[in-house]
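Here's a quick tour for anyone meeting this structure for the first time. Take a look at it, then read on.

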Amino acid sequence: MQPSLIDNTAGLEARSQDTICINESHLQHKWYHNFKYLIVGVLFGLAFVKAEVISWFRIQEMFRLQSFHMYGIIGSAVVTGIISVWLIRRFRIKTIYGEPITFTPKKFNKGQVYGGFLFGLGWALTGACPGPLFAQIGTGAAVVTVVLASAVAGTWVYGRFRDLLPH
Amino acid sequence: MLEVIKQPWPWYVAGPMIGLTVPALLILGNKHFGISANLRHVCASCFPGNVPFFQYDYKREIWNLFFVAGIVLGGALAAYFLVNPAPIQIDPRLAQELATYGINDFSGMVPTQLYSWDSLLTARGLIMMVGGGFLVGFGSRYAGGCTSGHSIMGLSALQWPSLVATCCFIAGGFLMANFILPIILNN
């Protein structure tokens, strides 16, 4: 079945508020098409656990400058990403559905400073950013669901009081 | 082969693999990599209230919930089938510092002496799990992304606001790990 094209310009604006990671596709597919993203997630989760990115100790070593490991991972991931995005742009590579790949520039706001700093505090405290939280739960650390629930609560409180915060 | 995979993966294998997530998601469907957005989608789908920030068509972002479900599954596969039999090696300076706070079990990825149902009843555990989680959720959304959205996707697309955010993540992390965390762990 062919995917249907929908008009979602207004929706895209609402969804992309305060976020970099969104679906910029205009196509709409059956729900089971999403399983391909699950497979990418599995590979990503495997790398997270096997390279010990989800280890609280590795994050502590990183922030104490006691190990190169995490810097190597983030650095080589960024270099891989930069080259990939450059190639996609340079050769106008399309999605597997033939749709052009688009990039929406993000605007600077003070939230990136204040929020970024608060996030950094939480990152070193929990030893995990959002991705590793999911992977930790997968490894059987059930108590991490409390950390994740608190992160959802933090997101909700941000959304509720967003208008009162400097941006 | 399996024995090699069971060893901890070096950075130069895992890093590029993580980086390849960016083009994989773009090519599979013009999806922009980032994980903390899912926390917002959970709010939008389960308890949006009357908050304008949660009034959007979250169904358009269900792909990302499938992606994180994959991360959970990948974590489980690694933990049950690819477990490294040797104990995790940690830097002796860190081990020595943690020992002064009574933390000497380095066997898991998540330190069981800090992260357990029992320690939720202590001030230290509450600050680390509930307080830390809250800061991660609040801070990442306020910043407009987390380590994946800004530091990997944003930097890959050469977005300078993402570089600002990444520098602030690191500044907050350095302050917490070196100056605030020792006080919390001492109690």
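What follows covers the model, the contact between its chains, and one residue.

This is a predicted model, where local features need pLDDT of at least 70, side-chain atom pairs count only at pLDDT 80 or more, and totals for chains, interfaces and linings use all residues. Residues are numbered from 1 along each chain as its sequence is written, while chains are lettered from A and ligands numbered from 1 in the order in which they are written.

**Confidence**
- For the complex, the predictor gives an ipTM of 0.96 and a pTM of 0.94.

**Where the chains touch**
- On chain B, 119 residues are in contact (C-beta atoms, placed from the backbone, within 7 Å) with 115 residues of chain A.
- α5(B) gives the most to this side of chain B, with 17 residues; helices here are DSSP runs (H or I, at least four residues), numbered from the N terminus.

**A look at B:M109**
- You'll find B:M109 in the loop between α6 and α7 of chain B.
- B:M109 counts as buried because it has 26 C-beta neighbours inside 10 Å; the cut-off for buried is 20 or more other C-beta atoms within 10 Å, placed from the backbone.
- Leaving aside neighbours within four places in sequence, B:M109 is in contact with A:E52, A:I54, A:S55, A:W56, A:Q136 and A:T139.
- The C-alpha atoms of B:M109 and B:I88 are separated by 8.1 Å, and the two residues are 21 residues apart along the chain.

Note on methods:
Two residues are in contact if their C-beta atoms, placed from the backbone, lie within 7 Å. Helices (H or I, at least four residues) and strands (E, at least two) are DSSP runs, numbered from the N terminus. A residue is buried if 20 or more other C-beta atoms lie within 10 Å of its own, exposed if 12 or fewer, and partly exposed in between; C-beta atoms are placed from the backbone.
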